[in-house]
Amino acid sequence: MSIFFMVLFFGGLLVVLTKKNHLISVFIGMEFMMLGILYCCSSLMFYNISMIFLVMCLGVCEASVCLALLVMMVRLSGNDLISSLSLY
């Protein structure tokens, strides 16, 4: 049971650390990490529904912010390449 959590979390971490070309791949890796944390919380908290909803709400908020950032970046630059981000 804890192996599934570790596979999801570290798989997402691996995607975040290795796939740095497109912003969408980084966000998908972060979502896998959040799914692993949600699975861990649901199994370790003995299915405490309030804690599960709290972690799920944090994941949904993260996903909506990531989607808004992605849409804004695509509208401004025309692509989602991380290399096209600049500070000036």
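Predicted model: local features only at pLDDT ≥ 70, side-chain atom pairs only at ≥ 80, totals over all residues.
Residues are numbered from 1 along each chain as its sequence is written, and side-chain values use heavy atoms, with hydrogens and water left out.

**Record annotation**

- For "transmembrane region", the unreviewed UniProt entry lists residues 28–47 and 52–74; the positions are given in the numbering used here, feature names are shortened, and such annotations may be inferred rather than shown by experiment.

- Glu62, placed in helix H3, is buried yet has no salt bridge, and the nearest side chain of opposite charge, that of Lys20, is 16 Å away.
- Here buried means under 20% relative accessible area, exposed over 50%, and partly exposed in between (1.4 Å probe, protein chains only), while a salt bridge is a side-chain nitrogen of Lys or Arg within 4 Å of a carboxyl oxygen of Asp or Glu.
- For charge, Lys and Arg count as positive and Asp and Glu as negative, with His and the chain ends not counted.
- Leaving aside neighbours within four places in sequence, Glu62 is in contact (heavy atoms within 4.5 Å) with Met30, Glu31 and Met34.
- Asp80, in the segment after helix H3 (49–77), is likewise buried and has no salt bridge, the nearest side chain of opposite charge being Lys19 at 13 Å.
- Not counting residues up to four places away in sequence, Asp80 touches Asn21, His22, Leu23 and Ile24, and also Leu70, Met73 and Val74.

- Gly36 lies in helix H2 (residues 23–44) and counts as buried because its relative accessible area is 0%.
- Although Gly36 and Phe5 are 31 residues apart in sequence, their C-alpha atoms are 4.8 Å apart in space; the contacts of Gly36, not counting residues up to four places away in sequence, are Phe5, Leu8 and Phe9.
- Gly29, also in helix H2, has a relative accessible area of 0% and is therefore buried, and beyond residues up to four places away in sequence it touches Gly12, Val15 and Val16.
- From Gly29 to Leu54, 25 residues apart in sequence, the C-alpha to C-alpha distance is 20 Å.
- Met34, likewise placed in helix H2, is buried with a relative accessible area of 16%, and its contacts, leaving aside neighbours within four places in sequence, are Val55, Leu58, Gly59 and Glu62.
- The C-alpha atoms of Met34 and Val65, which are 31 residues apart along the chain, are separated by 14 Å.

**Nonpolar surface patch**

- Ile3, Met6, Val7 and Phe10 form a nonpolar patch on the surface, with about 400 Å² of accessible area together.
- Patches are made of residues with over 30% relative accessible area and no salt bridge, like charges being joined within 9 Å and nonpolar side chains (Val, Leu, Ile, Met, Phe, Trp, Tyr) within 5 Å; the areas come from the Shrake-Rupley method with a 1.4 Å probe, and for residues only the protein chains shown count as cover.
- Val7 lies in helix H1 (residues 2–18) and is exposed, with a relative accessible area of 54%.
- Phe10, also in helix H1, is partly exposed at 45% relative accessible area, and its C-alpha atom is separated by 8.7 Å from that of Phe32, 22 residues apart along the chain.

Terms used:
Helix = DSSP H or I, 4+ residues; strand = E, 2+ residues; numbered from the N terminus.
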